[in-house]
Each structure stands twice: as structure tokens, then as C-alpha cells.
Amino acid sequence: MVYSLKNQIFVCTRASYLKIQQALIRKCAEEKALSVGLACHAQILHFGLQNDVFTSNMLINMYSKCGAIGYSQKVFDRMRVRTVVSWNTLIGAYAQNGVGDGALQLFVRMLREGSEFTEFALSSVLCGCASKALACESKQLHAFAIKASMELNKFVSTALLDVYSKCHFINDAFRVFKHMPEKSDVSWSSMMAGFVHNALYEETLSLFQMSRRTYEEANMFTISSVITACAAMAAMIEGKQVHAVVHKNGFGSNEYIISSLVDMYAKCGSIKESYIVFIDSEVKNEVLWNTVISAFARHARSIEAMILFEKMQQMLLFPNEITYVSVLSACAHMGLAEEGRKYFGMIQQQHGMPPNVFHYACMVDVLGRTGKLTEAKDLIDQMPYKPTASIWGSLLASCRVFRNVELAEIAAERLFEIEPHNAGNHVLLSNIYAANGRWDDVASARKLLKKSEAKKERGQSWIEIKDKVHSFMVGEISHPRINEIHSKLDELLSTMEAAGFKGHTEHDLHDVEDNFKRELLKHHSEKLAFTYGTMCLPSGAPIRIMKNLRICGDCHEFMKVASSVTRREIIVRDNNRFHHFHQGFCSCGDFW
């Protein structure tokens with residue numbers, strides 16, 4: 001065989017030339033060099049070498065790695081002879097490129113044509129189903145695996161538990177995991193990721209502890225899942241233990257693990273620890289900068305967030321869409337309207353990015369929180385996107401603060417259309433009517449809520465004491481020490497009333513006498529959690545409370561006075577932000 005290169009002529013055998021092309025194809029797959037791969041394919045066709053099965057399989061793989069799945073399919077269709085490897089490679093290509101239904105169709109075609117199949121093909125098609133959350137098809141494939149005696153294969157089992165997790169059949173996933181005769185590190189990390197995906201964070205931590213007892217080495221994927229679980233639960237003690245494992249296993253230089261730790265400490269209420277991890281990181285990429293800016297924004301540390309925004313640019317890292325969402329959120333939390341306008345304008349003017357729907361949502365929040373409700377409504381009307389539930393919800397919440405019934409009704413009407421099953425929107429509109437003394441409209445709003453069959457989410461707070469999470473609902477009676485908690489709360493309220501605390505009954509929006517309103521407000525979940533914290537934690541230790549809903553005005557005032565009376569720092573994480581109470585003041589400046 002003769003070919004030329006830079007005016008030089010080379011002579012080689014057909015077999016040696018084929019090996020050269022195969023080496024080039026392998027390199028193209030590694031480096032995802034599609035254009036060079038196409039040139040190699042052209043050479044193979046030119047010299048009539050396309051009938052070599054091994055080369056065709058390599059081309060299918062190369063095109064798959066380059067994301068050109070259509071080319072992979074064309075090579076496969078033109079093959080005169082297909083081996084098991086050919087089928088496996090193309091099925092794997094569809095699965096890796098997120099085309100789950102394509103992988104499934106090819107697997108069915110393979111069976112109909114009577115071709116052999118292996119555990120690799122079955123696990124690949126299951127991974128394809130996982131990418132599309134194809135629940136029914138996954139159960140059929142599970143039955144097929146049992147019939148073919150492959151269900152205990154570690155690759156098939158891992159793929160099964162992964163697809164069940166992503167389809168929210170977490171009990172089925174755990175059943176598959178338990179019956180695996182051999183569990184690899186991939187199996188452990190997949191099961192932990194499955195628990196996190198299904199918001200089963202305590203189960204994630206329990207499984208991690210179990211893996212450590214079985215001497216299973218932690219990898220970056222298990223660590224990532226466990227850090228996410230600690231962040232979601234605000235489990236500071238467990239988070240610090242995982243941080244120690246990170247250093248012990250040598251993952252301290254991994255930028256994504258470090259970003260997860262920064263986020264975890266921030267969500268646990270310790271912005272100081274979060275910043276220390278950030279500072280100690282040798283390499284700070286875009287993700288890490290975005291994470292720490294977002295952390296300061298959530299903690300109402302707007303000045304620090306804006307300073308970090310400037311420092312990021314000084315390090316020659318340009319802000320992206322996520323960075324601007326964080327810095328705009330920081331402006332919203334502190335009511336910095338002018339700064340918010342400046343950053344919103346910079347998105348387009350300095351960085352050439354058109355503001356996306358999240359930036360508009362943040363800007364509506366900035367304007368709404370500063371009382372510029374008409375301007376916020378005008379921005380919604382002018383934006384080039386269809387307003388989301390988040391945008392209308394932000395306007396509705398601002399209308400509650402500034403008692404604007406007219407705009408509240410417009411926002412609520414849109415929200416009822418977008419998310420008819422969200423009871424919170426009905427409750428918020430009802431509260432706005434109540435705050436304005438429109439009790440007939442309150443009755444109508446609550447009647448509409450009942451008619452809609454939307455369910456209201458109950459307020460819940462939780463606190464971690466000695467590695468155990470204690471949860472409280474409003475009016476809690478099931479906690480084993482609830483009588484002691486009520487007595488301690490009564491004592492605390494007496495001390496606080498002597499210090500001038502009277503309670504804010506206007507935050508209870510029932511049409512009843514003030515004395516009864518005080519009783520209704522008295523046993524809110526965050527007050528019970530705080531009282532239990534004072535009973536169990538050492539004197540002077542900070543109290544960290546998590547809440548699933550926005551903290552109410554009365555509880556906010558309660559925490560301010562309680563921080564002064566008990567001389568404790570109180571950190572409350574609600575569904576929107578962090579509040580740091582210290583010596584009678586809150587970090588939010590009473591603006592939330």
C-alpha cells in the first residue's frame with residue numbers, strides 16, 4: 001500500500017497501515033478530536049478497509065466519545081458482520097450520550113436478530129433508562145436480568161439500583177443493593193447518590209458509616225454525596241467528620257470537593273468555617289468563587305459578597321450567569337436597590353450576556369423588597385421571558401410586606417394558574433387580606449383554598465443535639481420532653497417580658513383577641529427548638545435551628561430578644577436565608 005505525506009512517499013502493508021489508522025482513531029477518541037477522526041475514517045474508506053470489524057467497532061466508539069452518535073449509527077448500519085462487541089459498543093454509545101430510548105430500541109433489535117448479549121449490554125441499556133427515568137422499561141429489564149441469571153452481576157446490579165433511584169423507587173434500589181453478593185465502591189457510591197437524589201439524607205449518612213465499618217475506602221463520589229447530605233440536614237458535627245475523611249484520603253486538593261465543603265459549612269450556619277476552607281484552597285476556580293459568593297449572600301453578608309465579586313475579577317476570572325445570580329441575591333437580602341440595578345446592567349454592558357430569567361427574578365426581588373412594587377411589576381411586563389412562579393411569588397411576598405392588595409391579587413391569580421396545587425400562594429394572599437383587615441376576603445381566599453384541594457405545608461423546625469436531630473412542629477406534643485420544654489419556654493418568656501418583649505400579635509392573622517393570638521404564636525416550632533437547645537447545649541454555645549418555612553415576624557423578634565437575654569448566638573436557617581441573632585440584633589437588619 002502506497003500513501004504520501006508532505007511530499008514523501010511511504011510503502012507499507014495493508015495490515016500495518018490499518019494498525020496506524022487504528023492508533024489514530026484511538027487517539028481521536030481519547031482527545032475527542034472529531035475532525036481528525038473524520039479524516040481517518042475517510043482514509044479507511046478510500047483504501048477499502050471499512051469491512052474490518054475491529055476498526056468499525058473503534059470508529060463507533062470514537063464517534064460516541066466525540067458526541068457524534070449519528071455517525072456511530074451509520075458505521076454500525078454499514079457493517080456486513082457485527083459481533084457482540086459491535087452491539088455493546090453502540091448500546092453503550094447511546095447510553096453515554098443520554099439517548100436512553102435509543103439504547104433500549106437497539107437492545108430489543110439485538111435480541112430479535114438473535115445476537116448474543118452480555119452483562120455489559122444489559123447494564124448499558126439500564127444506564128440509558130436511568131438517564132431518561134424510564135421506570136416501566138427498567139422493571140421489565142430487571143425481570144429479563146433475573147430470567148437470564150444476571151441480576152447478581154455487580155455491573156447489572158449497580159445499574160439496576162441506579163435506575164431505580166432515579167425513578168424514585170428507592171426501596172427497590174436498596175433491595176437490589178442489599179442482595180448484591182459483591183459490592184464495589186461504585187455500588188456504595190451509587191446507593192448513597194440514590195439516597196441523596198431522593199432526599200433521604202439520614203439514610204445517606206447511615207450507609208456511609210456502614211461502608212466505613214466494612215473497610216470500604218471512601219472515594220470522591222461517596223464523599224460528595226455525604227457532604228451534600230450534611231449540607232441538606234445542616235449536620236455540622238457529621239460534616240466536620242467528613243471533612244477529616246477528606247484530608248485523610250487526600251481529597252483536599254480536589255476543587256469540587258472543596259466547593260462542596262464551602263457550601264456545606266455555609267448551609268450549616270458557619271460562614272466563618274466556610275470562608276476558612278475557601279481561603280485554604282490553593283487553586284480557586286470559577287465554581288469555588290461562585291460557591292463562596294453565594295454563601296455570603298445567603299448569610300446576608302452583602303458587602304463581603306460584593307467584595308469577593310470584585311476580587312474574583314482581579315484574579316482574571318470572569319463572572320458567569322451563576323455569579324450574577326448570587327450577587328443580585330445579596331443585594332435583594334439587604335434591600336440594596338441601586339447596587340442591584342448596577343449589577344443587573346453590568347450583565348449585558350460589561351460581559352455581553354443577556355440577563356436570563358433567574359437574573360430577572362432576582363431583580364424583581366430587589367425592587368420588591370425595597371418597596372418599588374410598581375417598578376417590579378413593570379419589569380415583569382417588559383422582560384423577554386414568560387414570568388415564572390418564582391417571579392410572581394417574589395412579587396406576592398413583597399406585596400405582603402408593603403400591604404399592596406391590588407398587585408397581590410394580580411400576582412396570586414398568575415400563581416394559581418402556574419402552580420394550582422401550591423397552598424402557600426393561597427395562604428399568602430389570605431394573610432395579605434388579613435393584614436389589611438379584609439376578613440370577608442380572607443374567608444373567600446380560604447374557601448378557594450379548600451376548593452382547590454391544595455395542601456398547606458406545616459411549619460417544622462429541627463435542631464441537632466449530640467449527633468441526634470430533634471424535630472418540632474407547631475404545637476408539638478409528641479416530643480418525650482415536651483412538658484419540660486413548655487415550662488422552660490414559659491420561664492424564658494417571663495424573663496423576656498421583664499426585658500421589654502411584648503410579642504407581635506399582628507403577625508398572627510386570625511380574627512381573634514390578642515390574648516388568644518399570643519397563645520397561637522407561643523408554640524411556634526422554632527421557639528420550641530430554641531428552648532430545647534437552651535436545655536441541652538452548654539451555656540454560651542451557639543444554637544443552630546433549621547426551619548422549612550420562612551420565619552415569622554413574631555419569632556424573629558423573639559430570637560432577637562432571646563439572644564440578648566440568654567447571651568447566646570442564635571442561627572436560624574429558614575427556606576430563604578440565614579438569620580444570625582446576636583446581642584439583640586439580626587444580621588438581616590430586620591429586612592427579610
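Asp77, Arg109 and Glu113 are linked in a network of salt bridges, a salt bridge being a side-chain nitrogen of Lys or Arg within 4 Å of a carboxyl oxygen of Asp or Glu. The model is a predicted one, in which local features need pLDDT of at least 70 and side-chain atom pairs count only at pLDDT 80 or more, while totals for chains, interfaces and linings use all residues. Residues are numbered from 1 along each chain as its sequence is written, and side-chain values use heavy atoms, with hydrogens and water left out.

By this rule the count comes to 22 salt bridges. Side chains of opposite charge can pair when their charged atoms come close. One of the bridges joins Glu31 to Lys27, with the closest N and O atoms 3.6 Å apart; because these residues lie 4 residues apart in helix α1 (residues 14-31), they are separated by about one helical turn. Helices (H or I, at least four residues) and strands (E, at least two) are DSSP runs, numbered from the N terminus. Glu31 counts as exposed at 53% relative accessibility, whereas Lys27, at 45%, counts as partly exposed; buried means under 20% relative accessible area, exposed over 50%, and partly exposed in between (1.4 Å probe, protein chains only).

Another salt bridge, between Lys522 and Asp490, has its closest N and O atoms 2.6 Å apart. This pair links distant parts of the chain, since Lys522 belongs to helix α28 (residues 514-522) and Asp490 to helix α27 (residues 482-498), 32 residues apart. Lys522 is buried at 18% relative accessibility, while Asp490 is partly exposed at 34%. In the bridge between Asp554 and Lys527, the closest N and O atoms are 2.4 Å apart. Here too the pair links distant parts of the chain, with Asp554 in helix α30 (residues 553-565) and Lys527 in helix α29 (residues 525-536), 27 residues apart. Asp554 is buried, with a relative accessible area of 3%, and Lys527 also counts as buried, at 3%.

Helix α30 takes part in a right-handed β-α-β unit together with β5 and β6; a crossover is right-handed if, with the strands pointing away from the viewer, the path from the first strand over the helix to the second runs clockwise. These strands belong to an open sheet of 6 strands with mixed pairing, in the order β4-β3-β5-β6-β7-β8, where two strands pair if DSSP finds at least two bridges between them. The edge strands, β4 (468-473) and β8 (585-586), each pair on one side only. Strand β5 (residues 543-547) pairs with strand β6 (residues 570-573) in the parallel sense over 4 bridges, and Ile543 stands opposite Ile570 in β6. On the β7 side, 4 bridges join β6 to strand β7 (residues 578-582) in an antiparallel arrangement, with Ile570 opposite Phe581, and a hairpin connects β6 to β7 through 4 residues. In a regular strand the side chains alternate between the two faces of the sheet. In β6 both faces are covered, as Ile570 and Val572 on one side and Ile571 and Arg573 on the other are all buried.

The largest nonpolar core contains 140 residues, of which Leu122 and Ile223 touch the most other members; such a core is a set of buried Ala, Val, Leu, Ile, Met, Phe, Trp, Tyr and Cys residues joined through side-chain atoms within 4.5 Å. Helix α21 (residues 357-369) gives the most to this core, with 8 residues. A second, separate core of 30 residues includes Ile485, Ala529, Ile545 and Cys555.
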